[in-house]
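Good morning, everyone. Please look at the screen while I talk. I'll take the sheet, then the charged pairs, then a loop.

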Amino acid sequence: MQARFDYRAWYQALQEEVERAEVEGIEAAVQATAARFRDIYDREQFAATVEDLRRRYRIEGRDAQAAFSLVEAFYWDQAIRRQPLLGRLKRWLSRLLGYHYPQVLSLSPEQVVFPAPMGDHCPLLAACNQDLDKCWPFCQAHLHAGILSDPLEMLLVEAVGPSVRWEINEYRSRPDERCYYQIVSVEDRHEGEKRPP
């Protein structure tokens with residue numbers, strides 16, 4: 001799949017979304033962003049991509065760990081497409097060192113916990129002027145719309161099947177910290193979206 005995600009346009013759209021939300025409401029503004037960045041992708045194409053990645057990377061199962069492995073495989077495919085030699089070298093080194101993208105805190109068939117891939121400098125939090133209370137409802141709306149993280153990665157998790165979910169594991173307590181996400185198997189689903197008091 002040759003789908004590309006335009007991060008520059010994404011950052012600008014988040015700024016516009018927060019401004020629109022003041023007039024239209026958060027849900028309507030987030031749905032407009034989802035229509036622009038998520039709904040443009042063909043679900044059948046994603047299903048084919050999932051099967052291709054499964055075959056090439058020998059990924060079995062339909063649990064949280066398999067879904068995370070697909071996200072990781074997709075990341076490396078995109079990196080290799082952009083920089084064929086450097087991407088392959090980085091992938092080889094990551095395998096040799098046991099590194100995962102993103103780096104995992106917990107990895108099991110039931111649950112994979114990892115830091116938000118966008119890092120400490122979350123573009124949604126920046127659009128909310130570093131206001132954690134203002135950002136939280138947007139995070140929840142983005143999660144439910146499937147655009148909390150890179151929409152392509154979230155679509156890959158969904159394509160694995162209804163047995164897995166992408167969730168917020170922990171919301172940052174300070175603007176200079178990270179949020180943590182998780183992919184969980186529904187059968188062993190933990191209560192996600194934990195927000196500090």
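First, a rule for sheets: two strands pair if DSSP finds at least two bridges between them. Helices (H or I, at least four residues) and strands (E, at least two) are themselves DSSP runs, numbered from the N terminus. Now the ground rules. This is a predicted model, where local features need pLDDT of at least 70, side-chain atom pairs count only at pLDDT 80 or more, and totals for chains, interfaces and linings use all residues. Residues are numbered from 1 along each chain as its sequence is written, and side-chain values use heavy atoms, with hydrogens and water left out.

Start with the sheet. In what order do the four strands run? The order is E1-E2-E4-E3, in an open sheet with antiparallel pairing. Strand E1 (106–107) and strand E3 (164–170) stand at the edges. Each has a single partner strand, so one side of each is left without a neighbour in the sheet. In general, strands of a sheet pair through backbone hydrogen bonds, either parallel or antiparallel.

How many bridges join E3 to E4? Six, and strand E4 covers residues 180–185. One example: glutamate 170 has tyrosine 180 in E4 as its bridge partner.

A helix goes with this pair of strands. Helix H8 (residues 151–160) lies across E3 and E4. Helix H8 runs at about 130 degrees to E3. Such angles run from 0 to 180 degrees between N-to-C directions, with axes as lines fitted to C-alpha atoms, for helices over the stretch in contact (heavy atoms within 4.5 Å).

Next, the charged pairs. A salt bridge is a side-chain nitrogen of Lys or Arg within 4 Å of a carboxyl oxygen of Asp or Glu. The structure holds 11 of them.

Look at glutamate 51. Its side chain meets that of arginine 54 in a salt bridge, at 3.9 Å from N to O. Both residues lie in helix H3 (residues 43–57), three residues apart, about one turn of the helix. Is arginine 54 buried or exposed? Arginine 54 counts as buried, at 9% relative accessibility. Buried means under 20% relative accessible area, exposed over 50%, and partly exposed in between (1.4 Å probe, protein chains only). Glutamate 51 is partly exposed, at 41%.

Glutamate 51 also forms a salt bridge with arginine 62, with the closest N and O atoms 3.7 Å apart. This pair links distant parts of the chain, 11 residues apart: glutamate 51 is in helix H3, and arginine 62 is in the loop between H3 and helix H4 (64–82). Arginine 62 is partly exposed, at 44%. There is a network too: salt bridges that share partners join Asp52, Arg55, Arg56 and Asp77.

One further pair: arginine 43 and aspartate 39 meet in a salt bridge, at 3.8 Å from N to O. Arginine 43 is partly exposed at 38%, and aspartate 39 is partly exposed at 47%.

Last, the loop. Most residues other than glycine have a negative phi. Asparagine 129 has a positive phi, near 55 degrees. Glutamine 130 has a positive phi as well, near 65 degrees. Where is asparagine 129 found? In the loop between helix H6 (123–127) and helix H7 (132–145). Glutamine 130 is in the loop between H6 and H7 too. Asparagine 129 is exposed, at 63%, while glutamine 130 is partly exposed, at 39%.
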